[in-house]
Amino acid sequence: MGSRVLPARELPQRLGPSLEDNQRTPGGVRENLLSSTAAIQTLASVIRPCYGPQGRQKFLVTDNGETVCTGYTAAILRALQLEHPAARFVREAAQTQAENSGDGTAFVVLLIEALLEQAEHLLRAGLPRTQLREAYATANKEVLAALPSLAIRSLGPLEDPSWALYSVMNTHSLSHTNYLTKLVAQACWASREPDGSFKPERVGVCTLRGGTLKDSHLLPGLAISGEPCGQMTAVLTGARVALFVCPFGPANPNAPATAHLSNPNDLTKFMTESDQLLEKQVAQLAAGGINVAVVWGDIDKKALILADNYGIMVIQAKSRKEVAYLSEVLGTPLLTYLLSPLEPGRCHRIYRQELVNGVAVLFECESVGTPALTLVLRGATAEGLRGAEQAVYHGIDAYFQLCQDPRLLPGAGAVEMALARTLSDKGSKLEGPNGPAFLAFAQALRSLPKTLAENAGLGVSQVMAEMSGIHQAGNFLIGVGTEGIINVAQEGVWDTLMAKAQGLQAVAEAVLQLVTVDEIVVAKSSSLNQQILNPDSKKAKECLSHPRKKILQMYK
């Protein structure tokens, strides 16, 4: 018999006194009604301990054997090999949030999981999926409408942004946050356009091993952690740049020769023709006006000698990311062969810069809209530099958002608690499916400050009770600190309104899609398919009796 859909007026009674009640049967945990819930819960369990400034870090071992220590959700999601389609879907939503705002990745994953858990309770109470989807959409609109009213500070057009960037950059395990925040604020402030707008690509980031974070400093132009390889170490005027992501030399020195060599004369002739081809390629670069070649790859000694003869400065980059950044900034493509680009990158001058325990190459650009400053980060370990670099990019992205919308929200979970209170007040007065859905959405929002308290090692029940009482009294500036509740305005803990609004929109879009999925159908070649195609085998008959059940078990 089909399950009876309860009238909306009966939902509150079926939900019971609390939406947090664990839905269990005497024999154990009930099977999830949403096929995505279990996978998203597993993904969130990986991310949850890293949420907030007191979050923990993880050692990630990538598929190529590299070990990375990080607490950043975006990096963790990139490293995970996810098989479940719903988990991949949520990762895509979180990565979109990271690309658009640079922050809020963990917020997206954890809120999606909390909303799906609450959706399970509503579905068990008899709320149809279509009504649940509509009610969640209405609740999200209410949240987005209430969000601007919680903004209590704005960054002034002539104001030092350090105070606004500090809480964004104060991530876990980052030392010397004050010093680094001032460097980022100085770089962003000095790189603004005359009309007050800001382009993030005007601030470059270069990491160099050695020293400490206090040795970090700003350099004019764009610096990369490469080094000139030949006799040419500087181009002091009219630099024309080509970028190569291939060896600077023969196209593929390890490729098998196709020529048939029968005697020493044939070998000599073949080598002569190869040298002539290489010289022709370098000569074509010079004829195309190229006097600087940035290479991410091996550099052939003969090609380097030819480049010196033609007056071409060859720079070997240490990171593909830096070469890709140069391509974006200078407006010239990445080349896979030794060919002259149609439009070379243009710089005023390029030269080698000696630093303490390191060397960098500096690009001083001549066109408008190119990077004006580079923040050189120093550190003793690659892991420390990676964390500092991520914090710097968070600060740059936050300043970019504040130039578009200067409004700031209270952080440390205060805005989530304030939104939860708004939804609870309205949900308790609404009839029909919107009432329970508003309460469920509010409960999901409260799970975020609860996670902050857990990661800070606080008494969760006590902290949440204190916060709820104070927020209910009308003070929405109370959040979670390292030792208990704090006034976020006094402590200077902020979130940008733009990043929070984008995160809520990403969450709503993902949840509204996931609640409509009832099952996962696998349409790919597998051993199971082969067994089904062979009707004579005993396993085939077993698979034919319950093929759908066995396939779905793979994704639960």
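In this predicted model, K426 counts as partly exposed, with a relative accessibility of 37% (buried means under 20% relative accessible area, exposed over 50%, and partly exposed in between, with a 1.4 Å probe and protein chains only). K426 forms a salt bridge with E142, the closest N and O atoms lying 2.1 Å apart, where a salt bridge is a side-chain nitrogen of Lys or Arg within 4 Å of a carboxyl oxygen of Asp or Glu. Because K426 lies in helix 13 (residues 414-427) and E142 in helix 6 (residues 129-146), the pair ties together parts that are 284 residues apart in sequence; helices (H or I, at least four residues) and strands (E, at least two) are DSSP runs, numbered from the N terminus. E142, at 21% relative accessibility, is likewise partly exposed.

By this rule the count comes to 14 salt bridges, and one of them joins the side chains of R349 and E364 at 3.0 Å, N to O. Since R349 belongs to strand 15 (residues 345-355) and E364 to strand 16 (residues 358-365), this pair ties together parts that are 15 residues apart in sequence. R349 is partly exposed at 29% relative accessibility, whereas E364, at 16%, counts as buried.

Helix 7 (residues 162-169) is mostly covered, six of its eight residues being buried, and among these are L165, V168 and M169.

Residues are numbered from 1 along each chain as its sequence is written. For this predicted model, local features need pLDDT of at least 70 and side-chain atom pairs count only at pLDDT 80 or more, while totals for chains, interfaces and linings use all residues, and side-chain values use heavy atoms, with hydrogens and water left out.
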